[in-house]
Amino acid sequence: MTDQSLAQTSGKSMTTRLVPVFIIVALAVAAWMAGVGQYFTEDSIIANKDWVVSTIEANPILTGLVFACIYAALVALSLPVASGLTLISGLLFGAWWGFAWAFLGAMGGATIVYLVARFAFGDMMQAKA
């Protein structure tokens, strides 16, 4: 099946299907150039330890959800900070809650990447299979 006939059968043009991929790549490049990774290092957390700990103690569920969302976004952008965030989650939330928030974030980010790849390339892969 050619790309043109594939695009006609799926109802989506190749450009339309690649828009989410371009958005993720553009956001990843922008985040990398802005130095987002520097905010999620052990040194950065230690420097802001009092504020971070007091925020978590004030509302642990909300801060855990925010942490998981940030984790998911960084995983979806494929920035190389996930392993550091996993360790930081254990440090901040404790072993079990840290695991839960890191797992939720990792699964959320991986799901976003999967859905974008499926939307962009699913028809093409199905046609080749």
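Biologist: At roughly what angle do the axes of helix H2 and H7 cross?

Modeller: This is a predicted model, in which local features need pLDDT of at least 70 and side-chain atom pairs count only at pLDDT 80 or more, while totals for chains, interfaces and linings use all residues. Residues are numbered from 1 along each chain as its sequence is written, and side-chain values use heavy atoms, with hydrogens and water left out. Helices (H or I, at least four residues) are DSSP runs numbered from the N terminus, and axes are lines fitted to C-alpha atoms, for helices over the stretch in contact, with angles from 0 to 180 degrees between N-to-C directions. The axes of H2 (residues 14–34) and H7 come within 8 Å, and their crossing angle is roughly 145°.

Biologist: Is the crossing of H2 and H7 left-handed or right-handed, and which residues of H7 make the contact?

Modeller: A crossing is left-handed if the near helix is turned anticlockwise from the far one by less than a right angle, and right-handed if clockwise; H2 passes H7 in a left-handed crossing. Contact means heavy atoms within 4.5 Å. H2 contributes Thr16, Arg17, Leu18, Pro20, Val21 and Ile24, and the partners from H7 are Val116, Phe119, Ala120, Phe121, Asp123 and Met124.

Biologist: Why does Ser89 count as buried, and which residues does Ser89 touch?

Modeller: Ser89 lies in helix H6 (residues 82–93). Buried means under 20% relative accessible area, exposed over 50%, and partly exposed in between (1.4 Å probe, protein chains only). Ser89 has a relative accessible area of 1%, and therefore counts as buried. Not counting residues up to four places away in sequence, Ser89 touches Phe67, Gly94, Gly98 and Ala102.

Biologist: How far apart in space are Ile56 and Gly90?

Modeller: Ile56 belongs to helix H4 (residues 49–58) and is buried, because its relative accessible area is 12%. Beyond residues up to four places away in sequence, Ile56 touches Thr63, Leu92 and Phe93. Ile56 and Gly90 are separated by 34 residues in sequence and, C-alpha to C-alpha, by 13 Å.

Biologist: Is Cys69 buried or exposed?

Modeller: Cys69 is placed in helix H5. Because its relative accessible area is 54%, Cys69 is exposed.

Biologist: How far apart in space are Ala100 and Arg17?

Modeller: Ala100 is part of helix H7. With 29% relative accessibility, Ala100 is classed as partly exposed. Ala100 and Arg17 are 83 residues apart in sequence, and their C-alpha to C-alpha distance is 33 Å.

Technical notes
Helices (H or I, at least four residues) and strands (E, at least two) are DSSP runs, numbered from the N terminus.
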